[in-house]
Amino acid sequence: MDTYADLVFLGGRVVTVDAEFSVASALAVTGGVISAVGGRDDVAPLVGPGTRVVDLRGATLLPGINDSHLHGCAFGMATPPLSLDLGHPAVASLTDVAEAVREAVGRVPGGQWITGHGWDTGYLDECVSDPSRLPSRRDLDAVSPDHPVVLYSFSGHATWVNSKALELIGVDRDTVAPPGGAIVVDEAGEPTGLLHEGAQALVQNALPPLSRQERTDAIRSNLATLARLGVTSYTEPGLGPGGDGIMRGALGAETLDVYRRLLADGELTARLGVLLLPTGMASTAEEFARTLTALGKPGDADPRRLAILGVKIFADGIVPNKTSWMHEPYIGGGCGSLCVGGETDTERTAEIDAMIRHAHAAGHQLGVHVTGDRACDTVADAFAAAMAEHPRPDARHYVIHGDFLTAHSMKVLAAHGFGVNMNPTIKWTVADMEEEFVGAERAAYAWPYRDAIDAGVRVASGSDAPVTSPDWRQGVATMMLRESKAAGRVSGPEQCIGLAEAIRTYTIDAAWQDFADDWKGSLEPGKVADLCVLDGDLLTADPHDIPEMPVVLTVVDGQVVHDTLRD
């Protein structure tokens, strides 16, 4: 034979994720491409003297996982050793957070900023016992009177700082929050140290932006984690001028330059898709259009390794901050609103319509951050109106998050070939907490996977890391079980989906979102060899056990990037 395979897998469950979701037992890889799929006899002729033959011993071979919504640079910056880990179970109380900060104070020079990520009031004992008890600068001042402290919530929509940080950024009782933001104050009108949504820019603008080396280190850390998890592709959902004020510029335009350098140096060990982020929250349609035009359409050095896919827009906020735009009021009142420029709902709706219309007419794919049901309807209708005004085949616009996607939204998205990017690990994390904001019925419905798939909407799944860990195994279990992280309660059992459907959201349908389903996302001859091997038989596993099934091998473009089989 002229060409032998580089890799051959035998004796396993080869989950192809083809149209029939067929399962084979053997697969061969030649020159970075899948060259055969079937049984032992189909791959045996391809085995040569230099072929690595892997006996799977019943393990599961999957297409490489595509996390279709993951902030890679931010995730690297938000995890140790680059930041304090304040997520559950690393900390369980406000006291634990203060202790972590106290230890950091002892390690860093005087006056240096201390950063942490991942705090969640749903998992802090004092806040769980008393929902009115919120993190405060006073929780931090005693342990860090001289070091400014900035602690980012798990969601990225709230920041907690101490008094020294407030002093340095010049925030006091007379400070007016930026549009679309809130400076939380106590009964005396003094800032508590919590900044919501757009007000986070007050501290972001005071922090030194990430250096090129810090960005590089963060992305390398992220890539190493993804390789260990079997993630071979991901979407950076928003890099550009609109991200310059988010997490010290981790979502800024310079991060894209660092990715390009890593690609050129052969260090980009996962495929990357990027949405451009022209503006952040509270921008106007005029500002958005002007900035987007100035960005132009960057060329792709290697579109199968680093592709500029489209444009991101923020439409509203998140439920725990009561900034998602809802049809019905939150418990305690208020319906939230769109987070774009404008004084009234009508004006803001016109602004988001104009942004979507402009980006669509310019030929961009659109990914729109939208969570509330009223906001989802508004965005879906805006997609449809833009398509009617400027017909474009296969635009593949999609709703990002879509927590409370309605039947109307689903119908509109499906009719036009649009999609939704949902977040099962966020559902797992917040399911119990959301009831206090929207009640039991709406909280159970959040992230309606079953209804969206049944409506014909293309559904992809992403972690939104660093909001949650990019562990797709937990995502699959959550889609099948709908059990919550804190209490293990089932939240919305009617929205459960099956294993095959769940895997599709992380593989072929995520590839569809990337305009790449014709060359990645399934294990079929001629497609790229992006592979993930999971120890054990995924197809017969109890869903509760899936999160603990080890990833033992990861292959990107035929190259092994993670391997414990040879350890």
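Mentor: Buried means under 20% relative accessible area, exposed over 50%, and partly exposed in between, with a 1.4 Å probe and protein chains only. This is a predicted model, where local features need pLDDT of at least 70, side-chain atom pairs count only at pLDDT 80 or more, and totals for chains, interfaces and linings use all residues. Residues are numbered from 1 along each chain as its sequence is written, and side-chain values use heavy atoms, leaving out hydrogens and water.

Trainee: Is tryptophan 447 buried or exposed?

Mentor: Take its backbone to begin with. Tryptophan 447 is not a glycine, yet its phi is positive, about 60°. The residue sits in the loop between helix 15 and helix 16; helices (H or I, at least four residues) and strands (E, at least two) are DSSP runs, numbered from the N terminus. Its relative accessible area is 2%, so tryptophan 447 is buried.

Trainee: What is the relative accessible area of lysine 322?

Mentor: Lysine 322 also has a positive phi, about 55°, and is not a glycine. Its loop runs between strand 17 (306–314) and helix 11 (345–361). Lysine 322 is partly exposed, at 32%.

Trainee: Within what arc do the buried residues of helix 13 fall?

Mentor: The buried residues of helix 13 (407–415) are Ser409, Met410, Val412 and Leu413. They line one face of the helix, because seen down its axis, by directions from the axis to the C-beta atoms, they fall within an arc of 165°.
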